[in-house]
Amino acid sequence: VHFALLSHEEPRSVLVIEAATGGIFQKILMHPSVASVDSVELDPALTRAMTRFARPHVVHGQDTRLHGVIADARRFVATTTRRYDVVLLGIPAPSTLSSIRYFTLEFFDGLRRVVNPGGIIAFTLPGSEVAVGPDLRLLQNTVFTTMRDAGWIPHIIPGERTLVLAAAGTD
């Protein structure tokens, strides 16, 4: 959260996709420039649980800057008219049919459409603090190539989890 928000000059609008944990919202709201946070989560049961068990200051409705949306994130990105300064993707690594759908050219194209000029997207991939083996290299290269094809300029912070920060390239 902090790397992405600090990488933007003045993040006012944030989109959180599939990361409905209370801690993330608390961290986002630490940044005084943030005026709105939209959280898109597919599973309404997870959202209800987070609302029930979250700390009071991070519950949707308790802070007027937070807005929860129950929807498929791909459909939301394809249809929303909102624009965001930072998009945080809490999606799992592309290892199942359910998660691979977020690492497509179409999804990264859609993210370009919803990000304001100068906007940033951030997510993590599996990584290694020691060495990158052939499977991990193939996974990361495939994601980075797809991002570049969609006009993103990815920057990575390596580690046990590789943090990917990407800015939209100019056309």
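This is a predicted model: local features need pLDDT of at least 70, side-chain atom pairs count only at pLDDT 80 or more; totals for chains, interfaces and linings use all residues.
In soluble globular proteins, nonpolar side chains tend to be buried together. In this model the largest nonpolar core is made up of 27 residues, and those with the most contacts inside it are Ile17, Phe108, Leu111, Ile121, Phe123 and Met147. At least two residues of this core come from each of strand 1 (13-17), helix 4, strand 4, helix 6 (105-114), strand 5, helix 7 (134-149) and strand 7. To see how such a residue is surrounded, take Met147, which, once its neighbours within four places in sequence are left aside, is in contact with Phe108, Ile121, Phe123, Trp152, Pro154, Val164 and Ala166. Another core, of 18 residues, lies apart from the largest one, and among its members are Leu5, Val37, Val86 and Leu165.

Two or more lining residues are given by each of helix 1 (2-6), strand 4 (84-89), strand 5 (115-126) and strand 7 (161-168). The lining consists of 11 nonpolar residues and three polar ones, with no charged residue.

Finally, consider Thr79, which belongs to helix 4 (residues 73-79). Thr79 counts as exposed because its relative accessible area is 56%, where the cut-off for exposed is over 50%. A polar atom of the Thr79 side chain lies 2.8 Å from the backbone oxygen of Arg75. Thr79 and Gly110, although 31 residues apart in sequence, are 9.0 Å apart in space, C-alpha to C-alpha.

Key:
Residues are numbered from 1 along each chain as its sequence is written. Side-chain values use heavy atoms; hydrogens and water are left out. Helices (H or I, at least four residues) and strands (E, at least two) are DSSP runs, numbered from the N terminus. Buried means under 20% relative accessible area, exposed over 50%, partly exposed in between (1.4 Å probe, protein chains only). A polar contact is a pair of N or O atoms within 3.5 Å; within protein, one must be able to donate a hydrogen and the other to accept it, and residues adjacent in sequence count only if both atoms are side-chain atoms. Ala, Val, Leu, Ile, Met, Phe, Trp, Tyr, Cys and Pro count as nonpolar, Asp, Glu, Lys and Arg as charged, and the others, Gly among them, as polar. A nonpolar core is a set of buried Ala, Val, Leu, Ile, Met, Phe, Trp, Tyr and Cys residues joined through side-chain atoms within 4.5 Å. Contact means heavy atoms within 4.5 Å.
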